[in-house]
Amino acid sequence: MTSAILDTGIYADTLRTYGYDIIPTERIEAFRSYEQHHADMQTLIVDDTAFVLSTCRTLQNTLHGRYRVIECGENISQDYPHNIALNALYINHTLIGHLPYIDRKITIFCQINGDQFIDVQQGYTRCACAIAGDNALITADRGIYRTLIGERGLDILLISEGSITLTGADYGFIGGASGYDRHRLYFCGNIAAHPDYDRITEFCKKHGTEIISLGCNTLTDIGGILFC
């Protein structure tokens with residue numbers, strides 16, 4: 001059975017009905033309240049290796065045996081950029097993030113692994129991008145779009161900002177409101193309510209990806225869904 005790492009709640013409950021084993025995130029007291037349970041700030045999986053915050057002992061133990069687990073982020077805090085040590089995107093053998101602030105254990109590993117690197121100015125890179133295929137991304141961040149368009153064979157869809165909630169913050173991100181697994185893109189909320197729904201649908205169809213809404217409400221940033 002495939003597992004999914006995410007904040008517990010209604011979306012985790014709905015995801016179970018699709019046959020997933022749920023691995024709950026932990027509460028990171030060093031982060032701001034609305035980021036404390038976010039999966040995309042607690043772990044990053046690169047091939048057979050899982051980088052996990054040093055404070056996430058339960059998550060480390062759960063992933064041990066499935067992955068080689070490496071502890072990261074020993075000096076995290078709630079203040080940006082000290083909260084984004086693991087908030088990078090790994091796709092198509094490329095690590096994408098605000099590289100000076102990504103944990104050095106990750107960048108060194110990827111360098112040894114022969115991966116490519118792309119530096120972007122958006123520190124919440126993983127939050128800001130929804131994976132929609134093997135080489136496809138959706139983002140509302142214009143800086144990420146301008147940097148990635150045409151890079152490494154990536155196909156990028158730029159959507160409008162907003163229409164995603166994050167309780168306690170001004171707005172949420174499309175990556176934080178979704179998760180991709182085996183040509184299915186799951187959304188936390190109702191993707192049909194998003195103003196760019198038609199464009200997102202066409203883009204996903206182009207990449208052979210099925211769209212699934214896990215709720216009826218406005219899209220909600222819960223820190224993403226990480227499948228493993």
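Visitor: What makes the link between the side chains of Ser3 and Asp21 a polar contact?

Guide: The value is 3.5 Å. A polar contact is a pair of N or O atoms within 3.5 Å, where within protein one must be able to donate a hydrogen and the other to accept it, and residues adjacent in sequence count only if both atoms are side-chain atoms. The Ser3–Asp21 pair is therefore a polar contact. The side chains of Ser3 and Arg66 are joined by another, of 2.7 Å. This is a predicted model, in which local features need pLDDT of at least 70 and side-chain atom pairs count only at pLDDT 80 or more, while totals for chains, interfaces and linings use all residues. Residues are numbered from 1 along each chain as its sequence is written, and side-chain values use heavy atoms, with hydrogens and water left out.

Visitor: Why does Ser3 count as buried?

Guide: Its relative accessibility is 1%. Buried means under 20% relative accessible area, exposed over 50%, and partly exposed in between (1.4 Å probe, protein chains only). The value for Ser3 falls under the cut-off, so Ser3 is buried. Ser3 is found in strand 1 (residues 3–6); strands (E, at least two residues) and helices (H or I, at least four) are DSSP runs, numbered from the N terminus.

Visitor: Which residues does Ser3 touch, not counting those up to four places away in sequence?

Guide: Ser3 touches Tyr20, Asp21, Ile23, Arg66, Leu226, Phe227 and Cys228. Touching is contact here, that is, heavy atoms within 4.5 Å.

Visitor: How do you know that Glu26 is buried?

Guide: Glu26 has a relative accessible area of 16%, so it too is classed as buried. Its place is in the loop between strand 2 (21–24) and strand 3. Beyond its sequence neighbours within four places, Glu26 has contacts that include Gln36, His37, Thr55 and Leu59. Thr58 is also in contact with Glu26, and the backbone nitrogen of Thr58 lies 3.0 Å from a polar atom of the Glu26 side chain.

Visitor: Which class does Asn92 fall into, and which does Arg182?

Guide: Asn92 has a relative accessible area of 30% and is partly exposed. Arg182 reaches 57% and is exposed. Asn92 lies in the loop between strand 6 and strand 7, and Arg182 in the loop between strand 12 and strand 13.

Visitor: What is noted about phi of Arg182?

Guide: Phi of Arg182 is near 50 degrees, a positive value in a residue other than glycine. Asn92 also has a positive phi, about 55 degrees, and is not a glycine. Most residues other than glycine have a negative phi, and most peptide bonds are trans. A cis peptide bond joins Tyr80 and Pro81, with omega about 10 degrees. Pro81 sits in the loop between strand 5 and strand 6.

Visitor: How do you know where the buried residues of helix 6 fall, seen down its axis?

Guide: In helix 6 (residues 197–206), Ile200, Phe203 and Cys204 are buried. They fall within an arc of 95 degrees, so they line one face of the helix. The arc is that of the directions from the helix axis to the C-beta atoms. The face turned away from the buried side carries the exposed residues Asp198, Lys205 and Lys206. The buried residues of helix 6 pack against several strands, including strand 9 and strand 14 (210–213).

Visitor: And which residues of helix 3 are buried?

Guide: In helix 3 (residues 104–112), they are Ile106, Thr107, Phe109 and Cys110. Their arc is only 160 degrees, which puts them on the same side of helix 3. Arg104, Gln111 and Ile112 are exposed on the other side. At the start of helix 3, a side-chain oxygen of Asp103 reaches to within 2.8 Å of the backbone nitrogen of Lys105.

Visitor: What lines the largest pocket?

Guide: It is lined by 26 residues, of which Ile45, Tyr90, Ile131, Tyr180 and Phe227 lie nearest its centre. A pocket is an open set of points on a 1 Å grid over the protein atoms alone, where a 1.4 Å probe fits, with protein on both sides within 12 Å along at least five of seven lines; lining residues have an atom within 4 Å of a point. Strand 12 gives the largest share of this lining, four residues.
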